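Here are my notes for a first look at this one. Have the sequence and the model open side by side while you read.

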Amino acid sequence: MIDRKHALLSVSLAALLFQLIQVLVVVQACNPVTGDFSDCSGSVFNAISVNGITDNNAPSLRNTEFFNSQFVSCTLGSLDFSLARYNVLRWNSNQSPNGNWMDQQASRLLMERSTMDNSDFSQSVWNECAIQDSSLVSTVFSNVEITASSFISVNFRNAKFTGTALNQVVFQNCDQDGFTLESSQIVSSVFRSVFTDRAAWNVPGSTFLNTQIISSTIGSGFLDDTVFYNVSIANSVFDISDFLRTNFTLVSVTNSRIDSSRFVDAFIVQSVFDSSEIVGGNFRRLYSPNFDFVMRNCTMDGT
């Protein structure tokens, strides 16, 4: 009888030991510091530093949390970083194209000198993030909320923002060739020294509220069905651009040049074009119900 009890006890201890080993294996399986990204879902990381890791086999950090952590000089091709949540994450000098960054809750992301081309950031919420000296070519931002953030010296060629809400966002010295900002709301934001030189700047159906466009060069802009309310445009160039059915209310255009552009079926209220040059413009069917559209000290050549 005693031997039978010992045997049963041994079996129970063996089963418990096996379960413990399984738990340990699962815990040890996810360790980004060593480059092991298996079974990371649901993991929480605090104050870790991931350096020099290379994994181009779609590593996964899906549904993870990071606090006060950093990734430096890593190559993570097709990274799945969806559903992640983080507060203070430094993303420095990383190569991570074709990534899935959807459905994130991001606070204080600092991204520098990184390549994120062809990545998808849709349905994410970013707050107090700073992206600098990085490449986001052909990225997708659909139904994204970005607040109190900045993009400085970022390559946004062919990036597409659709249905986004931008509040207190700064775009500075950004290449926005082929940049699309469609059906979005831009509030209290700044476009400074953004430029296009090969492809169009597409912002149809968007609303710009309390926003500034400063020292920028927009070639082939498509601004059809766009609303500008309390917007300041200064020291900028709009070249071969369309403003079809655009609504200008409380808009000031100063020291700027509008070249070979069309204003057709536009609605203009309490707006001023001051000390600007309008060359080869096509103004047709403009509506200013209160006759409060003012052009002051402007040059109109071939318009």
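How far is the sulfur of C129 from the closest cysteine sulfur, and in which residue is that sulfur?

1. The closest cysteine sulfur to that of C129 is in C174, 15 Å away, which is too far for a bond. A disulfide here is a pair of cysteine sulfur atoms within 2.5 Å. C129 has 3% relative accessibility, so C129 counts as buried, while C298, at 22%, counts as partly exposed. (Buried is under 20% relative accessible area, exposed is over 50%, and partly exposed is in between, using a 1.4 Å probe and protein chains only.)

2. A word on the ground rules: this is a predicted model, where local features need pLDDT of at least 70, side-chain atom pairs count only at pLDDT 80 or more, and totals for chains, interfaces and linings use all residues. Residues are numbered from 1 along each chain as its sequence is written, and side-chain values use heavy atoms, with hydrogens and water left out.

3. The structure does hold 1 disulfide. C30 and C40 are the partners, with an S to S distance of 1.9 Å. C30 sits in strand β1 (residues 30-31) and C40 in the loop between β2 (36-37) and β3 (44-46), so the bond ties together parts that are 10 residues apart in sequence. (Strands are DSSP runs of E, at least two residues, numbered from the N terminus.) The torsion about the S-S bond is about 95°, so this disulfide is right-handed. Both C30 and C40 are buried.

4. Now have a look at the largest nonpolar core, which has 65 residues; W91, W126 and F156 touch the most other members. (Such a core is a set of buried Ala, Val, Leu, Ile, Met, Phe, Trp, Tyr and Cys residues joined through side-chain atoms within 4.5 Å.) Two or more residues each come from β6 (65-72), β8 (85-92), β9 (105-112), β13 (145-155) and β15 (165-172). Leaving out residues up to four places away in sequence, the contacts of W126 (heavy atoms within 4.5 Å) include Y86, L109, F121, I131, F141 and F151.

5. Beyond residues up to four places away in sequence, G77 touches D55, N56, N57, A58, P59, Q95 and P97.

Notes. Helices (H or I, at least four residues) and strands (E, at least two) are DSSP runs, numbered from the N terminus.
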